[in-house]
Amino acid sequence: MSKQKISTKKLKAIVFTDVVNFTKISAEDEQKALGIIQKQREILKPIVIEHKGEWLKEIGDGLLFSFDSSLDAVRCSIMIQESLRDVDDFKLRIGIHQGDI
């Protein structure tokens with residue numbers, strides 16, 4: 001691998017979220033599922049931005065963000081979980097990974 005390719009890599013924290021039981025919810029009530037996707041966008045996007053994250057992609061009910069700091073990624077994830085604590089039928093799984101990209 002050339003030195004130029006090595007020098008362009010950055011250490012990033014990648015966060016992926018997934019709505020728990022989304023397939024079941026969408027099979028039972030498609031409108032409710034679409035509402036969850038919209039609510040997810042409305043609640044999470046400001047939190048991600050507040051923690052200096054980059055909103056990369058929406059993949060069905062899953063979301064992908066990146067952060068320059070692992071600490072920002074963890075703090076953002078905690079705030080997301082806390083903000084959704086009292087929202088009915090809206091539980092998220094969150095995975096955080098760190099590595100060169």
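Is Ile25 buried or exposed? Select Ile25 and find out: with a relative accessible area of 12%, Ile25 is buried (buried means under 20% relative accessible area, exposed over 50%, and partly exposed in between, using a 1.4 Å probe and protein chains only).

Before moving on, a word about what you have open. This is a predicted model, in which local features need pLDDT of at least 70 and side-chain atom pairs count only at pLDDT 80 or more, while totals for chains, interfaces and linings use all residues. Residues are numbered from 1 along each chain as its sequence is written, and side-chain values use heavy atoms, with hydrogens and water left out.

**Stop 1: around Ile25**

Ile25 sits in helix H2. Helices (H or I, at least four residues) and strands (E, at least two) are DSSP runs, numbered from the N terminus. Asp89 is 64 residues away from Ile25 along the chain, yet their C-alpha atoms are separated by 8.8 Å.

**Stop 2: helix H3**

Next, select residues 30–50, which make up helix H3. The expected span of a helix is 1.5 Å times one less than its number of residues, so the 21 residues of H3 should span 30 Å, and the 31 Å between its end C-alpha atoms agrees.

Zoom in on the N-terminal end. Asp29 caps H3 there, with a side-chain oxygen 3.3 Å from the backbone nitrogen of Gln31.

Then slide along to Leu44, where H3 bends by about 30°; the bend at a residue is the angle between axes fitted to the seven residues ending there and the seven starting there. A proline, Pro46, follows within four residues.

To see the buried part of H3, colour Ala33, Ile36, Ile37, Gln40, Leu44, Ile47 and Val48. Their cover includes helices H2 (22–28) and H4 (70–84), along with strands E1 (11–19), E2 (54–59), E3 (62–67) and E4 (92–100).

**Stop 3: just past H3**

Which residues does His51 touch, leaving aside its neighbours within four places in sequence? They are Phe67, Asp72, Arg75, Cys76 and Met79. His51 belongs to the loop between H3 and E2, and at 11% relative accessibility it counts as buried.

Lys52 lies in that loop between H3 and E2 too, but Lys52 is exposed, with a relative accessible area of 63%. Check its backbone while you are there: phi is near 65°, a positive value in a residue other than glycine. Most residues other than glycine have a negative phi. For another positive phi, near 65°, jump to Asn21, in the loop between E1 and H2.

**Stop 4: the sheet**

Now show the four strands. They form an open sheet in the order E2-E3-E1-E4, with antiparallel pairing (two strands pair if DSSP finds at least two bridges between them). E2 and E4 stand at the edges with a single partner strand each, so one side of each has no neighbour in the sheet. From one strand to the next, the twist averages 20°. Axes here are lines fitted to C-alpha atoms, for helices over the stretch in contact, and angles run from 0 to 180 degrees between N-to-C directions.

Pick out E2 and E3, which pair over five bridges in the antiparallel sense. Lys57 stands opposite Leu64 in E3. Bring H3 back: it packs on the sheet, touching E1, E2, E3 and E4, and its direction makes about 165° with that of E2. Finish with H4, which lies across E1, E3 and E4 and runs at about 175° to E4.

Notes
Contact = heavy atoms within 4.5 Å. Polar contact = N/O pair within 3.5 Å; in protein donor to acceptor, adjacent residues only side chain to side chain.
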